[in-house]
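Welcome! Take a moment to look over the sequence and the 3D view below, and then we will walk through them together.

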Amino acid sequence: MTWELLLSVAAPRALVELGITHVLDVRQECDDAELWSYVPEVTYRWDGIDDAGQRVLGEWFEGIFTWAVDALEDPAARLLTHCHMGINRGPSAGFAVLLG
């Protein structure tokens, strides 16, 4: 583990302390699977998509929705959806889960 990665594990540990059990990362530009591999208490899914203002196909939403609903069958589960800026992709993913 590099020093940078060791330092970056502190943020995921803080999320665990807040009760986060699942993370849905929708950034196309970065996949944090290696980082989350050091935090086995959290199930991580990367489903990156570009943020270019394009119309997003229903298949993408169906995939993340199905994964999230399965995760949230456990009443103790807490899901975090995020992207890079928190403007389009992450909130859209979160709304898709809530609307389902």
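## Overall layout

Starting at the N terminus, the elements of the protein follow the order α-α-β-α-β-α-β-α. The radius of gyration is 14 Å, close to the 13 Å that the globule rule gives for 100 residues, so the protein is as compact as a globular protein of that length. Please keep in mind that this is a predicted model.

In total there are five helices and three strands. Along the principal axes, the C-alpha atoms fill a box of roughly 40 × 35 × 20 Å. Of the contacts between residues at least 6 apart in sequence, 53% join residues at least 24 apart.

Strand β1 covers residues 22-27, and six of its six residues are buried. His 22, Leu 24 and Val 26 are buried on one side, while Val 23, Asp 25 and Arg 27 are buried on the other.

With strand β2 (residues 43-49), β1 pairs in the parallel sense over five bridges; here the bridge partner of Arg 27 is Ile 49. Strand β3 (residues 79-82) also pairs with β1 in the parallel sense, over four bridges, and Leu 80 in β3 stands opposite Val 23.

## The surface

The protein exposes about 6300 Å², with carbon and sulfur atoms supplying 59% of it. Buried residues account for 33% of the 100 residues.

One spot to look for is a nonpolar surface patch formed by Phe 95, Leu 98 and Leu 99, with about 420 Å² of accessible area together. Leu 99 belongs to helix α5 (residues 89-99). Because its relative accessibility is 76%, Leu 99 counts as exposed, the cut-off being over 50%.

Technical notes. Residues numbered from 1 in each chain as written. Predicted model: local features only at pLDDT ≥ 70, side-chain atom pairs only at ≥ 80, totals over all residues. Heavy atoms only, no water. Patch = residues over 30% accessible without salt bridge, like charges linked within 9 Å, V, L, I, M, F, W, Y side chains within 5 Å. Areas by Shrake-Rupley, 256 points an atom, 1.4 Å probe, with all protein chains shown as cover. Salt bridge = Lys/Arg side-chain N within 4 Å of Asp/Glu carboxyl O. Helix = DSSP H or I, 4+ residues; strand = E, 2+ residues; numbered from the N terminus. Buried < 20%, exposed > 50% of the residue type's maximum accessible area, 1.4 Å probe, protein only. Pairing = 2+ DSSP bridges. Rg over C-alpha atoms; globule rule 2.2 N^0.38 Å. Contact = heavy atoms within 4.5 Å.
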